[in-house]
Amino acid sequence: MTEPTIRDATEADAGSLLAIYNHEVLTGTATLDLEPRTLEGQIEWIRRHQGANPVVVAVVEDQVVGFASLSPFKERAAYRTTVENSIYVAAGAQGQGIGNLLMTEILARARSHGFHSVIARIAGDNPGSIAVHLRHGYELVGVEREVGRKFGQWLDVTELQLLL
Ligand SMILES: CC(C)(COP(=O)(O)OP(=O)(O)OC[C@H]1O[C@@H](n2cnc3c(N)ncnc32)[C@H](O)[C@@H]1OP(=O)(O)O)[C@@H](O)C(=O)NCCC(=O)NCCS
């Protein structure tokens, strides 16, 4: 595989992000969304992810194969030093180190913007996602039992945290 590069996402990446994300919406439990995102919704999401709340993409041979982002953790003002991360790698590109590259970059961004804490909330049974977070120093906060329901199953959410 050609070495992936990591860069900031632009609105032109919306279709690629949409394809990666909606695959998980429709086939998996990594996201508790039930309805696919629209292209307009994805463009709006990219517009909201700039500056201290970036979205970065991994690119292999001009194809976007994954993304990672930092979103505000909660609205109330005193939570502003904490962000929540998300990370998605295209189904055909998983297990090749792209998740590690994206995580390294998004944590570098979190540090450079001066955040104090990053939260990951991992839905369902997702050993791959838990592994990549633990690999980067996150620790278990706890498990919210059966807070989601998708495909006729109750889903736990595992919360992990990294203090920067
Ligand atoms: C979770 C995900 C982001 C990981 O990305 P990836 O590119 O597949 O991961 P990498 O190949 O970079 O592997 C990262 C580390 O996790 C480990 N890992 C990856 N998948 C694993 C699995 N299923 N079980 C155990 N460990 C796993 C790797 O061994 C590696 O550890 P190492 O660096 O110590 O060798 C990716 O699989 C994905 O997008 N899955 C679907 C969507 C999803 O679940 N997103 C997370 C939502 S919370």
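Which space is the largest pocket?

A: The model is predicted, and therefore local features are used only at pLDDT of at least 70 and side-chain atom pairs only at pLDDT 80 or more, whereas totals for chains, interfaces and linings use all residues. Residues are numbered from 1 along each chain as its sequence is written, and side-chain values use heavy atoms, with hydrogens and water left out.

The largest pocket is the space taken by the ligand. A pocket here is an open set of points on a 1 Å grid over the protein atoms alone, where a 1.4 Å probe fits and protein lies on both sides within 12 Å along at least five of seven lines, and a molecule sits in a pocket if more than half of its atoms lie within 2 Å of its grid points.

Around the ligand there are 19 residues, of which Val89, Gly99, Asn100, Asn126 and Arg135 come nearest; a residue counts as near if one of its heavy atoms lies within 4 Å of the molecule. Three elements, β4 (82–89), α3 (98–112) and α4 (127–135), each supply at least two residues of this shell, and the largest share, five residues, comes from α4. Helices (H or I, at least four residues) and strands (E, at least two) are DSSP runs numbered from the N terminus.

At Arg135, an N or O atom of the side chain is 2.4 Å from an oxygen atom of the ligand. The side chain of Asn100 likewise has an N or O atom 2.8 Å from a ligand oxygen, while at Gly99 a backbone N or O atom lies 2.8 Å from an oxygen atom of the ligand. Taken on its own, the ligand has 920 Å² of accessible area, of which the protein covers 71%; such areas come from the Shrake-Rupley method with a 1.4 Å probe.

Strand β4, one of the elements that supply the shell, also holds Asn85. With a relative accessible area of 7%, Asn85 is buried, where buried means under 20%, exposed over 50% and partly exposed in between (1.4 Å probe, protein chains only). The side chain of Asn85 makes a polar contact of 3.1 Å with the side chain of His133; within protein, such a pair needs one atom able to donate a hydrogen and the other able to accept it, and residues adjacent in sequence count only if both atoms are side-chain atoms. Setting aside residues up to four places away in sequence, Asn85 touches Ser69, Leu70, Met103, Val118, Ile119, Ala120, His133 and Tyr138, contact being heavy atoms within 4.5 Å.

A polar atom of the side chain of Asn22 lies 2.8 Å from the backbone nitrogen of Arg37, and beyond four places in sequence Asn22 touches Pro36 and Arg37.

Leu32 is found in the loop between α1 and α2 (39–48) and is partly exposed, at 36%; its C-alpha atom is 7.1 Å from that of Ala123, although the two are 91 residues apart in sequence. Gly124, in the loop between β5 (117–123) and α4, is buried at 14%, and 8.4 Å separates its C-alpha atom from that of Thr31, 93 residues away along the chain. The contacts of Gly124 beyond four places are Thr29, Leu155 and Asp156.

Lastly, some loop residues deserve a look at the backbone. Most residues other than glycine have a negative phi. Asp62, however, has a phi near 65 degrees; this residue is found in the loop between β2 (55–60) and β3 (63–72) and is exposed, at 75%. Phe151 also has a positive phi, near 50 degrees, lies in the loop between β6 (139–150) and β7 (153–163), and is partly exposed at 48%. From the C-alpha atom of Phe151 to that of Gly114, 37 residues apart along the chain, the separation is 39 Å; Gly114 has its place in the loop between α3 and β5 and is exposed, at 55%.

Terms used
Polar contact = N/O pair within 3.5 Å; in protein donor to acceptor, adjacent residues only side chain to side chain. 1 Å grid on protein atoms, 1.4 Å probe; cavity = no way out; pocket = protein on both sides within 12 Å on 5 of 7 lines; lining within 4 Å.
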